[in-house]
Structures are given as structure tokens and as C-alpha cells.
Amino acid sequence: MDPYRLPRTAVPSRYDIRLEPDLTTLTFKGTETVALDVTERIAEVVLNAIELTIESASLENDRGETIRATATLDETTERCRLTLASPAAPGRWRLRLAFRGTLNDKLRGFYRSVYKDPNGVPRTMAATQFEATDARRAFPCWDEPSFKAVFSVTLAIDPGLTAVSNTAIVSETSEAGRKIVRFADSIKMSTYLVAFVVGELEATGTVVVGRTPLRVWCVPGKKPLARFGQDIGAASLAFFEQYYGLPYPGDKLDLLAIPDFAAGAMENLGAITFRETALLVEETAASHAELERVADVVAHENAHMWFGDLVTMSWWNGIWLNEAFATFMEMLAVDAWKPEWQRWVTFGVSRAAALSLDGLHSTRPIEFPVTSPRDADAMFDVLTYEKGASVLRMLEQYLGAEVFRSGVRDYLETHKFANADTGDLWAALGRAAHQPIPAVMDAWIFKPGYPVVSVSRDAGGHLVLAQQRFNYLREPLPPAAAEPEQRWQVPIQLRVHGRSGSLEERVLLAEREARLRLGEGADVVIANAGGHGFYRVRYAPDLLEALLKRLDLLAPIERFNLVNDAWAMAVAGLMPLTGYLELTARFRDERDKNVWSVLTGSFYSLNRVLAPADRPHFAAFVRDRVAPAFAALGWTGRPGEDELTRQLRGDLARALGILGDDAAVQARAAELYAAAKRDPGAVDPNLLPAVIAILAHAGDARRYEEFLDGFRSARTPQDEQRYLYALAAFRDPALLGQTLERAINGEIRTQDAPFVVRAMLMSAYARELAWDFVKRHWDTMDRLYPKHGMRRLAEGVTGLVARALEADVQRFFAEKKPQFGGKVLAQYLEQLHVAVTLQEREASALSAYLSKLG
Ligand SMILES: [Zn+2]
């Protein structure tokens, strides 16, 4: 018997659950009746439960039989075994259970969240987070996605509180001093999508989309921040009903902001939960990046209502498709809502993050066999979300958007209220496209890595395209890791500009190499035209030079990819680092926010690689590259300027003030901050986050106190985040030490603390101090932080770029043996090794190059 899959001898079809949470004693009582189909004569019933006390259990049927059962809980397998006093015959049975549990502080299962009300008084609420396998912490259940059932939830709560669950309320009565809230039956769905939230909650007014009432919920005082989230909630709901060709599967939709929340958001059907920063925002006071984040997350969760909730993966290996698809749909919906945001261009940043991780030997295929649910924990990473979404986008562009959509509709219609696998989606897309999808997709999904496509011209004037797996490190691998040469079916979109105009051509590069005949005078060749391909391009020097001379012919996403691929070649040693630095000089006139994000991103990385003595020269280099574009924009926006340009102004100021250590920029930032203190509307909200970051970088103890106060009294979640991360961005060790203490003394929420410490490990100024602190307090942090907290924190070690630190990191983890799941730890260590290798290979050339500039 598979120790990770429950026996299917008793299959639930319906749960009637009644829970009575007590926010004072932080406990809950529960009863449930589960309708079971028993398929063969059984002596026991096995289901999932953990950290619950089972008080009674019995089986009964309509023939008047009752069988008492004795419950034993196994904490390691998280199973509850009900031994029956006498065997139960096949047929329909009702399992009756009574149980008790605790509202924990680990942000999973049924847990408590503590926040301050508008008067500063601490308050407690209760919320749930069940994916992947934590529903079993709230009620005993068949906690696997393929055991779909109908849920009927009743909550008995303090009369002063409000309760929200997946469906609409059908009745509210009172009983023994409690308010009894009964919710309508859910659709047939998986346990991980059940949710209930209890507390002093406030809701916005209702917006009706099609037939669905939509509201946003938050703790008292924050309702003015709910408008934007409700707008994108309504817009994306309408978009998806149209795209999927199926009505929204629930009877209402509530979006709830929870003050303590481990993930970003959770797609519980009809009751989506969010961390506050991902839902609540003041539109007029937020930067473009902050608004985009809310829009993305809301659209993403809404996309899941169909893809994930209505049709659900059969087992946890399907997590990738669930998440990749929702990420892809999130882009489509936000792009349709705000085309001026150019969401698919900004998606280049996500694709770049996936290309970066997937360029490691320790990467993994998008989909891999998953035996235990724990194996799937490692799936919640950029390979699932960002690589997954990138290859779906590549496929959509290759098949055509209409064909792709009809395949998706067919898939949802065929598998609604049930479960499906990757193969089912490929089958549906194949029917729509009249071609087999696995042939094109298998290597992208089931093999690790991706190709770099080299583009050159041979003596006969042919264009030569050749593919090879891209890796940052080329040192020989141990024999077990060596793989036969990998091939992909690479859909290549070419654009050639010549004397007689431009010409597009599509090639499916399936072999190692292909040769194409180009017309006369083909001067400029762009591979990965449109930028959708999940591969890198390495141009021969003459082709690269021709491109750099005609950057005006490239779309922003094509310029983005050009810079991003060149940077990757430099890191991998396929191009001299100084060659890359020279290339960046060609972008002084660049005005696109996303292209600048890849340029400045490479500068932030380099800042961690530099020898400290080179830092002043490097600052001069950054000023040389960034200052002209910033000067052209100026400090103040022009009327009618678009949001992306205003965001760019903030991004460039930040790079100049921090990496460029530009004294004039720092002084101007201080003036602007003072002005914003007097009048919050005085500074563009796109500039304010940068101003705060710059002032932290240049700041002293007085500034630290000021920002600490800003963190404590923040009015919006975004404001709180800006000040919180600013506390990690000072340079004075004493101040940094204070921030580290706050990460373990309860001042910084455990949902945020791992990310703050990670930021400090990634800071060239805080990293050694932070690493020392992490080593000393590892066990404390591990105990305090939610699940996956240490995994997120530990990613910061990739910033400890020095041979000695690397050795120390390896020693520490060899002793601690942290369990991050999958290959996560190996990936962190390899990323660090890539950076140290770059540092050692390029140190002297870099030093010479920079000092020549200065
Ligand atoms: Zn998701």
C-alpha cells in the first residue's frame, strides 16, 4: 500500500462540518458528519488528521446500524485510523466525529492572526490556510486533491464577530450565546480549497459581476484601501468568464486580507485569502510596482477559480500546471485590463528569473514524479510559476491565441468538478490545434534546463542556428550527472531587417543545427523576435554589433532580452565581463522601464561581486551609465506622463542614490522626503519608495529612528513594507544589528521576517553581519517562522560572494542539514558558486576596467 495515498475503500462525497472557534482560549471544537461510499467490507477507516484530539467516532447508516470506532492518531503519517467495533458492509455510511484543536500561530491549518485595531489595541482573528495538506489540522478528512466532495460548513462564533467561508450564508441564528452561521453547500471540490475566517471583519459594498456578488474584506479601519483590489477583482472575473466560456463556479466571491499570511494569497473557492500587501492598496499613494503586484495576485487567484478549483490536479505533481497556468492567465487578464502597463514586457523580468535558476546544473524539470506531498513543497518556485508560465506563453504564441483558448475551454468543460493531469490539457490543446502537443512540449516540461541558440553567418551567407543546453558553470560534472546531449523543439521567430524592409520567419529548430538562406542585404537579424521564447540567444560578434547599431529596430522586450542574454553570457564566461560593461554604454538613451530593470539588476549583482576597493570606481561607472537617462527624465513628472515612465524615474533615482552613491541625489532625496512629510501629496508615489531606500542607504541613527517610527505607524501595507525593508538597508552595523534583533523578537511579523533577513544577506553592506546572526539564531528562527520561512531566508546566502564565506556556508549547511525539499539547497549553493567563480575569474580585469574609468 502506498504510504502517501489513502485507501479508496471508503470514499467521502459530502462533509457537514460544524466548528466553534474561541478567540480567547485560542482553541476550537468541531463535529462533522461525512457521507461515505464503502466499496468493500472494512474493519477500519483511514483518513488524515494531525494536531487534533478525536473525542468520539462512529459509523451509522440508514438501516439503523451504528458501529462505534476507536481513533488512533499517527503523527508521522498524519493519519487517523478508526478501528471499527465490528466490520462495516459495503454501501452508504455516515461517519460521525467530534474533535478539538488549537488555533496555532504557524500560519497554517486553522490559525490565529494578531493585529492592532485603529486605537492600537491588539486583536485576534482566526483564518485558514490548507494547501497543500493542512486541512487535516482543522478537521479530519481525506486530504488528497482527488477526493472531491461537497462541503457544508457551520460556524458557531462569538455574536460580535463575523464569519466568512467558501459559499453564501444561508442562515444566521443564535444558540446558547453563540451566533450560528450556516453556509450553503459548496460545489464538489478538494479539501485544500476549504476556508473559514472569523473575526471583526469589515466588507466593502457588493459589486455584481455577471451573477456573482464580489466583496473585499479586511480588519476594521482598512476599508478605504479595498477599492483597487475590488476593481481588478471585478475586471478579471468578467475577463475569465469570457475567456473560459464558463460561468464562475461559486455562488459569491469574497477577497479577504489577513494580517498574518504565509504565502501571497490562496485560491480558496469563493473566499480567496491574501496577505494585506497583495490586496489592500491606496491607489493614489502607491507606486506602479505596488499596484501591479495587487493586480497580478488578484487576477492570479481568480484564474484559479476555474483552473485549479473547478478542474483540479489529480495529485501534487500537477501543482506546476495549476500554478503555471494561473500565472499565464494573470498576465492575460492584467494585460487586457491595463494595456498601457505592457504586462507582457514586464513579464520579461519573471522569465529572466526562471532562465537564471534553470541555467544551473542543480535545476529540475518543471514536472517530476511526486511520491509524498512533501516532495511537492519544492514545486512552489520560479520554475513552476515563471518557467511554467513562459513555456505556456511560448506554446500559446506558437499555436495561436484562438486555438490555445479553444483547447483550454475544451479541457475545462471536459473535466469540470473532477480532476485532470498535464496529459489531459495537452490532449485538449492537440484536438484544437490538430497536432500532437507532447512532441513540442515534452522536453520543456520533463527535462531540466533550456537551450542557448547561437546565431551566426557561414561563408556562403547562410544563417546558422545551433542549439545547446545553457549552463553557467562548465566544469566537468560527476559521471552520474552527465547527460547525453539535450535537444529541444525550439520555436524560433526570426526578424530580418534589410534594405528592402523587414521580414518575419518562423522556424522550429528540432535538430542541433539549421541553416537558412537569407535574402540579399540582411543586415540586422533578431532571433526570438517578440521575445516569447524560453531560450537564450548568443549572436556572433558581427551580428551583435549590427544589432547594437540599430537598437531602434528592436521592441522593448527584444532589447530586454538582448541585455539579459549578454549578462548571462558574461556570468557564464562566454563573453568577457568588460565586454558586457561596454555593451551597457549603448543604452544610455534607453527609456524603457523594463530594459532598465535588467541593466540595473546586473549592476546590483555586480555590486556584490566587487572587491570593496573597487566600489568607488564602480559607483562612478553606474553614474556614467544611469545619469543621462535620469537627467532626461528629471525629478518631477510631466503632465500626461505614463505610469511606466514615472516608475522608471524612481528606479533610476534608486540606482543612482544607492549604487552610484550620488551625493546630489541623496541630498535631493532628503529634501523630497521632508516635503512629503509636510504634504503627503508633494512627491510622486513612484518616487517615494526610492527616496526612502536611498535615505536608508545614506542614513544615520536619527534616520533609523524616524523610519522605525514610520514602520510602526504606517497607514497602508505598502508604506509599512517600504519602511520595513528600509530598516534592512542601512550601512551602520549597530543599526543593522537592531533590525536583525527585531526579526526574532516579535516586532517584525513572522510572515515578513524571513524576507527581511534574506534582503540583508543579499546586501553588500549587511551580509557578513547578517550571516553571523543567522548562524547563531538559526534554531530560534526555524521555530518562530512559518513553514518554508527558512527556505526563503536561506536564499540570501547566494549574496555571500567570497571564497571564504562560500566555504563557511557549505560547512554550516553540511552540519545543519536543513530540509528545504527537492534541490533547493543545492541550487542556492550553486548560485553562490557561480557568483564566486565570476568574481575570481574577472576580479583583475574588472578592477583594471573600473579604475581606468575613474
Ligand atoms: Zn496560484
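Colleague: Between which helices is the loop where M379 is found?
Modeller: Helices (H or I, at least four residues) and strands (E, at least two) are DSSP runs, numbered from the N terminus. The loop that holds M379 lies between α5 (373–377) and α6 (382–399).

Colleague: What kind of model is this?
Modeller: Residues are numbered from 1 along each chain as its sequence is written, and side-chain values use heavy atoms, with hydrogens and water left out. Local features need pLDDT of at least 70, side-chain atom pairs count only at pLDDT 80 or more, and totals for chains, interfaces and linings use all residues, as this is a predicted model.

Colleague: Is M379 buried or exposed?
Modeller: Buried means under 20% relative accessible area, exposed over 50%, and partly exposed in between (1.4 Å probe, protein chains only). M379 has 0% relative accessibility, so M379 counts as buried.

Colleague: Which residues is M379 in contact with, leaving aside neighbours within four places in sequence?
Modeller: Contact means heavy atoms within 4.5 Å. By that rule, M379 is in contact with W316, N317, I319, W320, R364, I366, E367, F368, V370 and T384.

Colleague: Which residues are the protein donors of the zinc ion?
Modeller: Donors are N, O and S atoms within 2.8 Å of the metal (3.2 Å for Na, K and Ca); water is not among the atoms, so sites may look incomplete. In sequence the donor residues are spaced H-x3-H-x18-E. At 1.9 to 2.1 Å from the zinc ion lie H300 (NE2), H304 (NE2) and E323 (OE).

Colleague: How many residues apart are H304 and E323?
Modeller: H304 sits in helix α2 (residues 288–304) and E323 in helix α3 (residues 319–337). The pair links distant parts of the chain, 19 residues apart.

Colleague: What is the relative accessibility of E323?
Modeller: H304 is buried, with a relative accessible area of 0%. E323 is buried because its relative accessibility is 2%.

Colleague: How many aromatic pairs does a search of the whole structure find?
Modeller: Rings of Phe, Tyr and Trp (its six-membered ring) pair if their centres lie within 6.5 Å; planes under 30 degrees apart count as stacked, over 60 as edge-to-face and the rest as tilted. The number of aromatic pairs is 44.

Colleague: Which class of pair do F307 and F325 form?
Modeller: Their ring centres are 3.7 Å apart and their planes are at 10°, so the pair is stacked.
F307 is in the loop between α2 and β21 (311–313) and F325 in helix α3, 18 residues apart. Both F307 and F325 are buried. The class of this pair, then, is stacked.

Colleague: What is the angle between the planes of Y704 and F730?
Modeller: These two form an aromatic pair with 5.2 Å from centre to centre. The pair is edge-to-face, with the planes at 65°.

Colleague: Which residues have the most contacts inside the largest nonpolar core?
Modeller: A nonpolar core is a set of buried Ala, Val, Leu, Ile, Met, Phe, Trp, Tyr and Cys residues joined through side-chain atoms within 4.5 Å. The largest one has 305 residues. Its largest share, twelve residues, comes from α3. The residues with the most contacts inside this core are F139, W142 and Y244.

Colleague: What does Y244 touch, not counting residues up to four places away in sequence?
Modeller: F307 and F325, the stacked pair, are among its contacts.

Colleague: Which helix holds both D231 and R227?
Modeller: Their side chains meet in a salt bridge, 3.5 Å from N to O. The two are four residues apart, about one turn of the helix, and both lie in helix α1 (residues 227–244).

Terms used:
Salt bridge = Lys/Arg side-chain N within 4 Å of Asp/Glu carboxyl O.
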